[in-house]
Amino acid sequence: MKYILEANNLRKEYQGFTLDNISIKLVRGTITGLIGPNGAGKTTTIKLIMNMIKKNSGDISIFGLNYKNDEKEMKNRIGYVGEEQYFYQNKTIKWTEKFVSGFYNNWDSDIFSAFIEKFQLPANKKIKNFSKGMKVKLSFAVALSHNPELLILDEPTSGLDPIIRREILDLLLELKQKEELSVFVSSHITDDLFRISDHISYMVNGKIIISEVKDELLARWKKINYKPDSLPEGIEKKLMNVEKQLFGSSGITDKYQEMAGSLITGIKQGDIKVENVGLDDILISLVNGE
Amino acid sequence: MWKLIRVQSLNYLRYLIPLGIFLIFYFREFYQGGKLPVFVFLCFWAFLLVSGSLTTSESYEEKNNGYEILGILPVTNKEIVSSKFILVLGTVMLVTGLNIFLLILRTKSPEKLNMMIMIGLLWGVVCLLYGAQMYIGIFKFGYNRMTKYFWFFFLIILVLLIFFLGDFIFPGLNINKQAVIKFADSRIWLFLVPAGGVLYCYLYKIAVRVKETSEEV
């Protein structure tokens, strides 16, 4: 089985918003990042994948199984960290472990204890007194202690300070080394996804617009800085987010490989400069292009 | 599923004050009496205990986003619904059983005993069906919307209680005492208990369907 997660033509209708024709394929052992602005439909997509909301149409297959027949087995093999961390607030980590572990077939208390120690979480303090960062760490500890094959993360670093964000990203990079774990992670913090993802999907207004291997995506998208009238004819029209200034302009293209040949002269003369773009530049271009 | 039942039964025990009052009256009655009005009161209290425990438990789940927590865990909707229904059934059987045990132990008159067993069992059925419809409502509309209707259902039960048993609670009212005694003698009510059980199973199936198709986890 090539894909650990396969979603085809998912549709979810809300009043005023529709998630339409969403297809996702997640290759085993890879990290896929889902990027999109707030309200694009990332959380809805993840909740559909987790079977936490009901789809209007489409199919979801995880590990080759479907929710209708195999929900328990699927969730036994999935680790999930949501944007909001839900725990029984008056309980401690000890109680939470006792509660959660009873549901999983392959819960490993040693792994859980190791994470609690690594994250320096107080085992006997009530969860209602935890900070957001502590709750996120606890969520990761819970999500990873039953040896999941697929980790689904919905904006895991949103609202965290840079230190905890870095800790979480380091953890994800560490997990990336274990090739048996696949990760599907949504975020609007593009820097985070740039660091960890192998594959990137862009979602805007309830649709996935791009889904591509990160390196290929970044090779295709470039920022062109050019002096006035230095671009060959027709090229400027193909640029997005064009910013014209007195001594030079810039624009972004997703067809750099096609136009590279025609830009060589200008590049040699120093009238045109080509820069790599960040994932957020692409996001802004896509949002503006919609 | 037993794990779920165990955790949720602890939530049921949060309803401590009414549980305490029920037990105080129960033991007071156990040692002192066997009088019908007190028994009717115990039945009414059994309803309060079932409905209150259910509401307290769901309020706790709502406060802690319990259904969201379960939505992440390897638990099916069917198991969630089953655990709730088993818990309601268990609570009703326990309080009804206690009431009837008390009656058999304390009541000397066979006529009175027959009628009181009928009251106890049918009241148990009412509690059971009340619990089932509350859960269907909670799964369909959510706890917060359902609590708005709680007092409405409570009033209906109260009116039913006074209509059928008012004569026994307040002697002299004379609403329909003879009709109730006649109905108890007819033994038709014996069919109402299994019928209530069948209806409860049917409502369970509806609840599973509602939970599986409801928008939220």
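Reply: The account below begins with a sheet in chain A and then turns to a pair of helices in chain B.

The model is a predicted one. In chain A, 6 strands form an open sheet with mixed pairing, and their order across the sheet is 5-6-7-3-8-9. The edges are held by strand 5 (78–81) and strand 9 (207–213) of chain A; each has a single partner strand, so one side of each is left without a neighbour in the sheet. On average, and with direction ignored, neighbouring strands of this sheet are turned by 15° against each other.

Strands of a sheet pair through backbone hydrogen bonds, and the pairing may be either parallel or antiparallel. For strand 8 (residues 199–204) and strand 9 of chain A the sense is antiparallel, and the pairing extends over 6 bridges. Within this part of the sheet, M203(A) stands opposite I208(A), a residue of strand 9 of chain A.

Strand 8 of chain A also contains S201(A). Is S201(A) buried or exposed? Its relative accessibility is 3%, and because buried means under 20%, S201(A) counts as buried. Leaving aside residues up to four places away in sequence, S201(A) touches T32(A), G33(A), L34(A) and I35(A), and also I208(A), I210(A) and S211(A).

Chain B may now be set beside this sheet. Chain B has 9 helices and 0 strands. Of the 217 residues in chain B, 51% are buried. Among contacts in chain B with a separation of 6 or more, 78% join residues 24 or more positions apart.

One pair of helices in chain B deserves attention. Helix 5 (residues 77–106) and helix 6 (residues 110–141) of chain B pack with their axes 10 Å apart, at an angle of about 165°. Since angles over 145 degrees count as roughly antiparallel, helix 5 of chain B is roughly antiparallel to helix 6 of chain B. The crossing of these two helices of chain B is right-handed. Helix 5 of chain B contributes residues including V81(B), F85(B), L89(B) and I100(B) to the contact, while helix 6 of chain B contributes, among them, L113(B), G120(B), G124(B), L128(B) and F139(B).

Notes
Residues numbered from 1 in each chain as written. Chains lettered and ligands numbered in written order. Predicted model: local features only at pLDDT ≥ 70, side-chain atom pairs only at ≥ 80, totals over all residues. Heavy atoms only, no water. Pairing = 2+ DSSP bridges. Helix = DSSP H or I, 4+ residues; strand = E, 2+ residues; numbered from the N terminus. Axes fitted to C-alpha atoms, helices over the stretch in contact; angles between N-to-C directions. Parallel < 35°, antiparallel > 145°, perpendicular 65-115°, else oblique. Left-handed = near helix turned anticlockwise from the far one by under 90°. Contact = heavy atoms within 4.5 Å. Buried < 20%, exposed > 50% of the residue type's maximum accessible area, 1.4 Å probe, protein only.
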